[in-house]
Amino acid sequence: RKRYKNYISCLNDVEVIIDFDLSLFKFRKEIAKFKKIAFIHTSLSKYLKDEDIDIKHYGKNLAYYDKIIVVSQEMKEEVTGLYPDLEDKLELIYNSLDFDNIIKKSLSENELNFDDKKLLKQEFFLSVARLDTRHKDFATLIKAYDMLKKEGLKEKLYILGTGDGEK
């Protein structure tokens, strides 16, 4: 805490602070002179439940920010449902993905070896995400897949990504 306070006190030429993990409201006094933007990129309901955080208290903290950025329409609706009084602070900025490049690469087999090309001929389920067991809930996906396998599902499930949940 002391290190953060010292660091914030040195930010003389900063006009805006973007809080990517919603932790800076703990430093209200220190960042009061800045414009403050909260960046929400996960399901707020699930996060609050997983972390056992009081919804009302969290809303008071969110109200401290000048703007609240969300990355999907669903997130915007979720935050509005939880905190209707914060609706005018919400801004939707979709995740910045180069979809043209992703589609182009997904259609190309140039970098694939023989086994990879063979796998692509089969039907499968694919999940691509940060491997974060707390927020991405792969356990539910795997349980559902297991249930479907027991009912005769033949397709394979592939999970791609990196993160703390890789193991």
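Contact here means heavy atoms within 4.5 Å. Leaving out residues up to four places away in sequence, Asn61 touches Phe25 and Arg28.

Before going on, this is a predicted model, in which local features need pLDDT of at least 70 and side-chain atom pairs count only at pLDDT 80 or more, while totals for chains, interfaces and linings use all residues. Residues are numbered from 1 along each chain as its sequence is written, and side-chain values use heavy atoms, with hydrogens and water left out.

Back to Asn61. It sits in helix H4, residues 55–63; helices (H or I, at least four residues) and strands (E, at least two) are DSSP runs, numbered from the N terminus. Asn61 counts as buried because its relative accessibility is 4%. Buried means under 20% relative accessible area, exposed over 50%, and partly exposed in between, with a 1.4 Å probe and protein chains only. The Asn61 side chain also makes a polar contact with the side chain of Arg28, at 2.4 Å. A polar contact is a pair of N or O atoms within 3.5 Å; within protein, one must be able to donate a hydrogen and the other to accept it, and residues adjacent in sequence count only if both atoms are side-chain atoms.

Next, the core. A nonpolar core is a set of buried Ala, Val, Leu, Ile, Met, Phe, Trp, Tyr and Cys residues joined through side-chain atoms within 4.5 Å. The largest one has 25 residues, and those touching the most other members are Ile40, Leu44, Tyr58, Leu62, Ile68 and Tyr83. Elements giving two or more residues to this core are E2, H3, H4, E3 and H5. H3 supplies the largest share, three residues.

Take Tyr58 from that list. Its contacts, not counting residues up to four places away in sequence, are Leu22, Phe25, Leu44, Tyr47, Leu48, Ile53 and Tyr83. Leu22 is in the loop between strand E1 (16–19) and helix H2 (28–31). Leu22 is buried, at 10% relative accessible area, and has a positive phi of about 55 degrees although it is not a glycine.

In helix H5, residues 73–82, the buried residues are Met75, Glu78, Val79 and Thr80. What do the buried residues of H5 pack against? Strand E2 (35–40), helix H3 (44–50), strand E3 (67–70) and strand E4 (90–92).

Between H5 and E4 there is a loop, and Lys89 is in it. Lys89 is partly exposed, at 23% relative accessible area. Setting aside neighbours within four places in sequence, Lys89 is in contact with Ala63, Tyr64, Tyr65, Asp66, Lys67 and Ile68. A polar atom of the Lys89 side chain lies 2.5 Å from the backbone oxygen of Ala63. Lys89 and Asn110 are 21 residues apart along the chain, and their C-alpha atoms are separated by 46 Å.

Last, the linings of the two pockets. For the classes, Ala, Val, Leu, Ile, Met, Phe, Trp, Tyr, Cys and Pro count as nonpolar, Asp, Glu, Lys and Arg as charged, and the others, Gly among them, as polar. The lining of the largest pocket divides into nine nonpolar, three polar and four charged residues. H6 gives the largest share of that lining, four residues. In the second largest pocket, the lining has four nonpolar, five polar and three charged residues.
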